[in-house]
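Below are a few notes to read alongside the model, point by point.

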Amino acid sequence: MQEQTSEITQDVQEVHKDVLRNSVLNSSLPNSLLGGQPVCEVIERDRFTPVLVRACKKVSCVNRGDWETLDDVISRDFSPGSEGCRVLLYGGVGIGKTTAVEKIIWDWTSGRCLQHYTLLLRISVKELSALEEKPESLQNLLTRTHAHLSIESIAVILKRPQSLLLVFDGLDGFKNLMSTPPSSSSLICDAQQEATSSVLLWSLVNGSLLPGASMLATSREPLTLESWKSIELVGFSQNQRRTFFQRFFDDESQAERLFWHSEQMLGVSEQSFCPAFCWILCNVFKTQFERKATLPETLSHLFGIVTHALLQKQTLNVEQMKELVSGLGRLARLCSPHTVCSYSDVISCGMQSFLRSSVLSDFLYSSGDVTSPDSTFSFLSPLMQEFLLAASFYIDQSDKGGKEILNERPALYYTFLAGLSDPGQRKEMEDCVSTFDEGQISKFFQWLMDTAFTTLCGYDQEKHFHIFNLLQHARKSSLVKDILSKSQWRHISYDDLQEVDCITLSYVVSCMGEMEYMNLYRAELTEEKVLRLVPALRLSKSINLSQSQLSLGVTSHLSTALAEGRATTLNFSHSKLEEGAFKILCHKLSQTKLEQLQLCGCSLTSGDSDALVKLISEGSELRVLDLYGNKLQDHGLIQLSSALKNCGLQEINLDSCSLSAASMPALSAALSSGYSDLKMLNLGRNSIEDEGMETLSQALQTGRCCLNRLNLYDCDLTDSCCSSLAAALQSEHCCLTELDLSVNEIGQSGGMLICEALKISKCRLENLGLSRCELTEEVFRVLGDVLTSAESKLISLSAGLNKVGDAGAKHIWKALRHKNCKLQHLDLEMLSLTDACVDDLCQSVAASNTLTSLILKNNILTDASIPRLVKLMQDCPIMSKLNLQYNDFSEDYFELMDSCPNIVY
């Protein structure tokens, strides 16, 4: 590299660096409140704060990736040995692209970075664009735009492109050059060859011209450029914003106070990632502080103060200020965000009288002579563009004005409409342009109500929060209550919450005074988010946090909020709780108003049983506890059983908790203690076996057991335990009204014993599950007798998945016709029923005075049965549901079944 540098003398380099330094300090960028911090001020006063970036190999990439500072990226990607590197920096207006590039140029001239490049050359895209179709060589262009460099020096450096860093600022600003790439055959590779501006630019960008040169370009939008690395500027982090404030204000304590005030301002944190916005914010704070005036509290209030300040600089009366704001609003409506407006646009918006006034330059950037028809204009700040558009809605009553709310504008437009509907936020604006039109304010409120009614019944979380955000900015609690109480607010899962969303949700719920159901299913909560959600959590009666990831810190804050709140129902099912989090949760919730708690699949073990005991012990108002799918094992249940003897728990789900017969004595002792209020017990999918069932059966007969619902689904039971179970069912002390023995091999002998018990008047069973219990036709015959018995109280029977076919089912059909049969629900899934039984089936169902629901899934009924079954449902208004799913039906009959809405197929 030293050998290459020697051909460009040190004097030439220093002259070039001096010119570049002067170009940085004499930047022609707008110097105003809205135009951003002047580059020279940033450089000379050492106020540069590096922005964060994220790299994307493809423009279409959507992964967040790792964020890092631009300084780190430049140092890495343009390090020695990386000659030929090409990087595109892209990001919106005010994000700091140009300032960052100017800082890079300044640091190169000061010897701080990129010293392995002999020269850093600006390629003026504006100069290229001015060429239009006039051919020129790159060497001539550089000689013309770098008058301080001799032709000889330019020629020498172009022969060693690997020692060059070329900088293009605002590559996307000249769409005439970038819109249509020339054919590859028309690209050039000789710096002395003349070509049109478009060919010159594309030859450089594609690398056919100066292939070894490194290049750095900026653009507002991502561009698809082959072999270029795209780097998105994402702005300031919170720490960088704090640094910006500290460098702006001399007083460190004042900077800290104002920084935290800005972080709490409504709508401001969403914009303060942008350096240009931070510049506006700090200037307003400084002015308000010096005047001892009130600091802005919201985004709308902030821009009202900015507009007031800019207008008051001029000697304009109220009517003139109103005319100017109205005209700017019309221009904002006429021109899309980030687009250029023409001279005729400005004239058509009624601003001709302001063209020669400096006030226009406070809002608009103009190219060339403002009085020339060729001049163009653009808003210095996209935020101010939307603010002026919103303000004009309330003040511009001329024929040219925007009297209706626009569709498909950026979200900020609607935010400003909401903010300006509040008297406190529009005070400074009204001081300038007089009182806002009350009719327009009412029109906005009606629009907001209509939009909310349409939006909140849908499933789009982003749209829900758009409405909540507008309600928050309007700062009118009565409006929140009115809209949310009258709308059909669908409580979808708010899983993808940002901190600002948490604040918004808390505001809305606080205005309501109470929330029936807070759905945070699969929410990725942080400590900061939970702290923002505390007001909403305290006011919510039912909260769904299933499938969430809860750290120790999150759980601590969450538990504190719940302990202080109104929640009676909580769902943590399948959530991942960090080690130690469950103990914190149980400790905080033990003395709350909580009545129902779902902890399905939370990876709890026997080691968590102590915390569970504390949760349900005396003083707890918990009535329903769902522990499905946790490996409590016998040791855990034994410990839990000690608390069941003296607590108010009424329902407990222990399905799939790795239990065996070993824990049944402790559980049975608790149930028969006389102090347990437990009425529902689910032991499904545990290996209770006959031994455990016999122990439970004894407890059921004691007279001190309150159980009325018992689920023993798939508990490895056989006919051996049925004698003791039948004895319990016949006992006058047994309170069971619901029993599920499905998926147990109780067989014919076991089934017969259960059926005999059902005939006894003392048996209270109303709901019985006997699906897949290896029952025979003989058992079904006895079941039919049970159903016709005057003593039977059965209203629901599930007897599917038993291989009895039509022969077994005929006993049930016969029973349905009997006056004593009380069945309301019958499930005969997968009995191998055929069309042969359908006539008998239909006659029996039609004769029943009680049956409302019949399940015939997974049988072998065919199309031949459909007309008869459809007619049955049409003639029996009492039948609310007939489930025919997974039978052998063809699509030819779907339309016929569709004619009966109570048929499911």
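Contact, in these notes, means heavy atoms within 4.5 Å. Please also keep in mind that this is a predicted model.

1. Let us start with Ser-844, which sits in helix H35 (residues 838-847). Leaving aside neighbours within four places in sequence, Ser-844 is in contact with Trp-813, Lys-814, Leu-816 and Arg-817. Is Ser-844 buried or exposed? Its relative accessible area is 0%, so Ser-844 is buried. A polar atom of the Ser-844 side chain lies 2.9 Å from the backbone oxygen of Asp-840.

2. Helix H35 also holds Ala-847. Here the relative accessible area is 35%, so Ala-847 counts as partly exposed.

3. Next, please look at helix H25 (residues 552-563). The helix has 12 residues and reaches 16 Å from its first C-alpha to its last, close to the 16 Å expected at 1.5 Å a residue. Which residues of H25 are buried? They are Gly-553, Val-554, Thr-555, Leu-558, Ser-559, Ala-561 and Leu-562.

4. Helix H26 brings us to Lys-583, which lies in it. Lys-583 counts as exposed because its relative accessibility is 55%, above the 50% cut-off. Lys-583 and Asp-608 are 25 residues apart in sequence, and their C-alpha atoms are 7.5 Å apart in space.

5. A helix pair to view next is H20 (residues 438-455) with H22 (residues 477-486). How do these two pack, and at what angle? The angle is about 30°, and the axes are 9 Å apart. H20 passes H22 in a right-handed crossing. On the H20 side, the residues that meet H22 are Phe-445, Leu-448, Met-449, Ala-452 and Phe-453, while H22 contributes Leu-479, Asp-482, Ile-483 and Lys-486. By class, this contact has 7 nonpolar residues, 2 charged residues and no polar ones.

6. Helix H7 (residues 138-145) is another place to look at packing. Its buried residues are Leu-138, Gln-139, Leu-141, Leu-142 and Thr-143. These pack against strand S4 (119-122) and against helices H6 (125-131), H8 (151-158) and H10 (197-206).

7. Finally, two backbone angles to look over. Most residues other than glycine have a negative phi. Arg-685, although not a glycine, has a positive phi of about 55°. Arg-685 is found in the loop between strand S19 (680-682) and helix H30 (689-700), and it counts as partly exposed because its relative accessibility is 39%. Val-743 also has a positive phi, near 60°. Where is Val-743 found? Val-743 lies in the loop between strand S21 (738-740) and helix H32 (747-758). With a relative accessibility of 13%, Val-743 counts as buried, because the cut-off for that class is under 20%.

Key: Residues numbered from 1 in each chain as written. Predicted model: local features only at pLDDT ≥ 70, side-chain atom pairs only at ≥ 80, totals over all residues. Heavy atoms only, no water. Helix = DSSP H or I, 4+ residues; strand = E, 2+ residues; numbered from the N terminus. Expected span 1.5 Å × (residues − 1). Buried < 20%, exposed > 50% of the residue type's maximum accessible area, 1.4 Å probe, protein only. Polar contact = N/O pair within 3.5 Å; in protein donor to acceptor, adjacent residues only side chain to side chain. Axes fitted to C-alpha atoms, helices over the stretch in contact; angles between N-to-C directions. Left-handed = near helix turned anticlockwise from the far one by under 90°. Nonpolar A, V, L, I, M, F, W, Y, C, P; charged D, E, K, R; others polar.
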